[in-house]
Number of protein chains: 2
Amino acid sequence: MQRLTKKWHRDGAHVGLVPTMGYLHEGHLSLVREARKRVGKKGKVTVSIYVNPTQFAPAEDFSKYPRDLKRDCAMLRKEGVDVVFAPTDGEMYPAGSTGGEATLFSTYVVEEKLSKAMEGVSRPAHFRGVTTVVAKLFNLVLPDVAVFGQKDFQQATIIRRMVRDLNFPVRVIVAPTVREADGLAMSSRNKYLEGDLRRQATVLRRAMDAAHAALKRSKKISAARLKADTRKLIESEPDARLDYVEFFEPETLAPVADVSTGVRMALAVVVGKTRLIDNETL
Amino acid sequence: MQRLTKKWHRDGAHVGLVPTMGYLHEGHLSLVREARKRVGKKGKVTVSIYVNPTQFAPAEDFSKYPRDLKRDCAMLRKEGVDVVFAPTDGEMYPAGSTGGEATLFSTYVVEEKLSKAMEGVSRPAHFRGVTTVVAKLFNLVLPDVAVFGQKDFQQATIIRRMVRDLNFPVRVIVAPTVREADGLAMSSRNKYLEGDLRRQATVLRRAMDAAHAALKRSKKISAARLKADTRKLIESEPDARLDYVEFFEPETLAPVADVSTGVRMALAVVVGKTRLIDNETL
């Protein structure tokens with residue numbers, strides 16, 4: 001991968017990277033199109049497909065995370081992607097392992113502020129896995145531009161911080177969330193939503209709509225009250241449980257006491273056994 | 001720096017980096033010559049000069065560490081170095097700071113195994129500062145080859161591990177320690193050694209020579225005994241205090257119980273107020 005991309009750089013081509021965990025949907029394809037737009041016709045677009053074990057906790061869905069490389073490649077071929085980079089665990093982590101005394105892998109990239117909130121509370125080692133694997137992918141693919149999805153907004157904010165702090169020569173683009181017709185944010189994990197759970201899952205979209213509507217009625221509302229209203233709405237669905245809802249400044253992720261226009265809302269909801277996240281600027 | 005080095009890459013030039021803290025001596029110049037040898041006449045050699053605050057503990061010699069950029073630049077001009085990269089603290093760490101709640105800098109590169117021993121015991125946050133700043137320098141200078149000194153052997157081993165684990169597209173070269181006529185390893189900190197301390201400082205060289213000699217007499221010696229002998233020799237000097245001496249496998253830094261040919265010896269000694277390190281393969 002490095003040999004190829006170093007050649008691309010020598011040839012003067014701009015290189016775009018879309019890091020994914022595969023099982024692609026329209027959301028991913030919109031990132032691919034954004035990458036193509038950024039690097040131009042003569043540029044090179046690489047999509048990485050890698051379900052990174054170090055960002056999953058032991059109890060999470062690493063082993064059952066949906067995978068379909070053949071279908072993914074067919075979709076990306078249609079999009080005119082130049083390279084699909086799909087390394088194995090053994091290639092990414094020497095000794096094929098990610099913990100315990102036996103592993104030979106011992107270097108991590110850690111972001112210590114932005115990664116403490118929200119997803120970092122529910123998934124304590126998650127972002128350490130993300131920053132480490134994204135640093136690896138940046139060094140392997142050597143992109144000029146990398147495109148991330150707005151749905152994983154905290155992740156994108158942390159990657160931006162990592163790029164700035166560690167001086168990666170990469171421009172980070174965050175592209176809008178793509179939604180199903182009923183407003184559910186596209187996610188590979190939506191595949192888990194069977195029967196009525198699929199309908200219940202639209203409650204994340206409805207919760208954000210309710211916050212928008214509340215802000216239309218009054219210019220400033222206490223975060224505490226909006227949180228309580230959100231919880232009530234979420235838990236009106238029989239199989240939905242609110243993990244967190246936060247209102248915060250987009251750049252610093254600092255929580256606000258009073259919510260007004262421009263504040264970001266983010267929430268995580270477990271529907272059945274599936275954990276879904278969404279976020280939007282109010 | 002990135003704009004320049006990206007142009008070099010487009011032009012097909014190989015790029016070499018020698019990271020230093022300045023106040024250069026013959027040891028540094030030998031690294032510069034090694035870098036030139038590796039990238040060739042048409043290649044580009046960059047020397048970075050940066051006294052990195054994050055690798056010093058509060059009680060250490062960060063503020064009094066010797067600096068002389070003008071003299072350094074004159075020396076490097078003579079060596080035909082292409083660029084001296086000497087960033088300020090404000091350029092390297094946003095908000096000019098490296099700790100406390102006020103700083104905006106929050107991403108670190110951490111190596112969690114090799115950095116626990118030896119220097120990592122005496123200087124617990126040292127290597128985290130080193131790996132972070134070297135990652136930054138790699139991303140800023142984008143070298144194909146980086147040259148480190150054998151005197152900082154543990155540092156070089158950790159950088160190699162970081163490069164492998166995070167897939168930096170950089171070849172790490174470790175060049176031999178350059179010594180004064182009496183065997184003292186060259187170091188910017190030797191400047192601190194006044195009067196008889198300069199003579200006493202040769203005890204590191206003498207301690208390694210004694211270990212070599214002991215191994216000539218018997219093929220295998222217990223590390224415990226060699227450590228005791230080393231301590232005795234070091235403390236025969238009135239102003240010298242042994243910080244540590246270790247015998248270990250070079251790649252893993254794993255201590256050995258019995259010392260034989262091929263084992264590495266490393267030691268740190270405080271002479272007066274100056275902490276000196278040295279190491280050698282037996």
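Guide: Let's start with the meeting of the two chains: 26 residues of chain A are in contact with 26 residues of chain B. This is a predicted model, where local features need pLDDT of at least 70 and side-chain atom pairs count only at pLDDT 80 or more, while totals for chains, interfaces and linings use all residues. Residues are numbered from 1 along each chain as its sequence is written, with chains lettered from A and ligands numbered from 1 in the order in which they are written.

Visitor: What makes two residues count as "in contact"?
Guide: Their C-beta atoms, placed from the backbone, lie within 7 Å. On the chain A side, helix 1 (2-10), strand 4 (107-111), helix 6 (126-141) and helix 7 (153-166) each give two or more residues. Strand 4 of chain A gives the most, with five residues. Helices here are DSSP runs of H or I with at least four residues, strands runs of E with at least two, numbered from the N terminus.

Visitor: What makes strand 4 of chain A and strand 4 of chain B a pair?
Guide: Pairing takes at least two DSSP bridges. Five bridges join these two strands, which run antiparallel, so they pair under that rule. One of the bridges has A:Thr107 partnered with B:Glu111.

Visitor: Why is A:Leu142 called buried?
Guide: Buried means 20 or more other C-beta atoms within 10 Å of the residue's own (exposed is 12 or fewer, partly exposed in between, with C-beta atoms placed from the backbone). A:Leu142 has 24, so it is buried. A:Leu142 is in the loop between helix 6 and strand 5 (145-149) of chain A, and has a positive phi of about 50° although it is not a glycine.

Visitor: And why is B:Asn167 called buried?
Guide: B:Asn167 has 21 other C-beta atoms within 10 Å, so it is buried as well. B:Asn167 lies in the loop between helix 7 (153-166) and strand 6 (171-175) of chain B. Its phi is positive too, about 60°, and it is not a glycine.

Visitor: How do you know that the span of helix 2 of chain B agrees with expectation?
Guide: The expected span is 1.5 Å times one less than the number of residues. For the 14 residues of helix 2 (residues 26-39) of chain B that should be 20 Å, and the end C-alpha atoms are 20 Å apart, so the two agree. Among its buried residues are B:Leu31, B:Val32 and B:Arg36. After helix 2 of chain B comes B:Gly40, with a positive phi near 80°.
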